[in-house]
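Please read it with the sequence and the structure at hand.

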Amino acid sequence: MMQDVKINSYQFLVLVILFTIGTSILTVPSGLAAEAKQDAWIAAIIGTGIGLLVVWLLITIALWFPHLTYVQIIEKLLGKWVGKAFSALFVLTALLYASELLYYFGLFLNIHMMPSTPMVVLNLLLAGIVVMGVRLGLETFARTAEILVVVFFVIFFILVVFISPEIKFENIQPVYEMGTKKIVQSSFFYVIVSSVNSVFLLMIFPSFINKMKQVKKSFLIGNLIGGIVIIVITFLSVTVLGVEKTAGEIYPSYELTKRINIGNFVQRIEGLMASLWIITLYFKTTLYFYASVLGMAQILNLKDYRPLTLPLGMIAVVLSLVIYPNVIYQQHWDSTTGNSLTLSIGLFLPLLLVVVYAIRKRTKKNEIERNE
């Protein structure tokens, strides 16, 4: 029943773009500026290039078994019980990250827009929409993404045009002062949040896409377009706000839009930046949650994932309220445990699958040669 669901390659491209941008549009510029200083935009370019290599690795693994999801591939290569253990870790990580994004959503609105509204109400609001989207199915929220991606890029273009007069090129000088080693090192965390966690898209790619010939290109181009958006936002943050301000702010791109002032008429339009972030955050949360419920259903051999959406949705809301006691703990956890967990699931596990696949293929070839 679940295998009957299909989206086209353009819809998948749109989902990859929104997933890649995700929370990065608000948070990545400060992380890059803290390490690479005025060369943060160069670090974003290098990170995008390295990220494409990671995505290529994920695509290669997925295309070995084009009719299976990532959870099914893990079980096929690692065996039933070991595979189910790794699959359970993958599913729980996806649920944890969905909870994390609910926390980001509630925290941001609580601080900047709705300080009197309890965070639990905000988290429940987004969780309800996410659960509804996942229950309606992949085709429905993919079509919604097709519409909202147009809204996203129209608003993004308006913001870039309006903020451009505030650019000060002296803020990125001297260029390349931090050197290659430092710039590459600072780009690693961007690669982790924008490309390594694309492994969760393998719950869709390529088994739920109807045009197999174009899916590889859609994945790479979607990741590249998302990377270009982050490069532009990072460049604008550093050139308009300066290095110290960009590195010191939690949400520098949100502060960036507060600088927009066209003839003392167009100003205080930071709500538009918040709209961009909410669009991308919603789809990234939905894709994480979809990966968790679909993966759980496949581990339990259920025919339909929908009965799991409400209980797992409630768990996600509870987790979002207790996962981080404060922002300082959240930043420390993200830069240590969070990065290690993402690398384990999104890079080391795929590399393990490559090794196992190569050994099995070689063993099978030797057996055929002996029988001949």
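Which helices each supply at least two residues of the lining of the second largest cavity?

1. The model discussed here is predicted. The helices that each supply at least two residues of the lining of the second largest cavity are α5, α6 (119–136), α12 and α13 (309–322). Among these, α6 gives the most to the lining, with 3 residues.

2. The second largest cavity holds about 40 Å³ of space. The residues that line this cavity are A98, L102, A127, V130, V131, T285, F289, G313 and A316. By class, the lining comprises 7 nonpolar and 2 polar residues, with no charged residue.

3. Rolling a probe the size of a water molecule over the atoms shows where empty space is left. For this model, a search of the whole structure finds 3 cavities of 30 Å³ or more. The largest cavity contains about 60 Å³ of space.

4. The largest share, 4 residues, belongs to α7. The lining of the largest cavity divides into 9 nonpolar residues and 1 polar residue, and no charged residue takes part.

5. Of the 36 residues that line the pocket, T27, Y104, F189, V193 and D334 are the closest to its centre. Two or more lining residues are given by each of α2 (24–36), α5 (80–112), α8 (179–194), α10 (243–248), α12 (270–299) and α14 (327–371).

6. Which helix provides the largest share of the lining of the largest pocket? It is α14, with 9 residues. The lining of the largest pocket is made up of 15 nonpolar, 16 polar and 5 charged residues.

7. Helix α2 also packs against helix α9 (residues 212–241), at an angle of about 55° and with the two axes 9 Å apart. Because of that angle, α2 is oblique to α9. The crossing of α2 past α9 is right-handed.

8. On the α2 side, the contact with α9 is made by S24, I25, V28, P29 and L32, and on the α9 side by V229, I230, I233, T234 and S237. The residues of this contact divide into 7 nonpolar and 3 polar, with no charged residue.

9. The crossing of α1 and α7 is left-handed.

10. Which residues make the contact between α1 and α7? From α1 they are Y10, Q11, V14, L15, I17, L18 and I21, and from α7 they are L138, F141, A142, R143, A145, E146, V149, F152 and F153. The contact of α1 with α7 divides into 13 nonpolar, 1 polar and 2 charged residues.

Key: Residues are numbered from 1 along each chain as its sequence is written. This is a predicted model: local features need pLDDT of at least 70, side-chain atom pairs count only at pLDDT 80 or more; totals for chains, interfaces and linings use all residues. Side-chain values use heavy atoms; hydrogens and water are left out. A crossing is left-handed if the near helix is turned anticlockwise from the far one by less than a right angle, and right-handed if clockwise. Contact means heavy atoms within 4.5 Å. Ala, Val, Leu, Ile, Met, Phe, Trp, Tyr, Cys and Pro count as nonpolar, Asp, Glu, Lys and Arg as charged, and the others, Gly among them, as polar. On a 1 Å grid over the protein atoms alone, a cavity is a set of points where a 1.4 Å probe fits but cannot get out, and a pocket is an open set with protein on both sides within 12 Å along at least five of seven lines; lining residues have an atom within 4 Å of a point. Axes are lines fitted to C-alpha atoms, for helices over the stretch in contact, and angles run from 0 to 180 degrees between N-to-C directions. Angles under 35 degrees count as roughly parallel, over 145 as roughly antiparallel, 65 to 115 as roughly perpendicular and the rest as oblique. Grid points are joined across faces, edges and corners, and a volume is the space filled by probe spheres set on the points.
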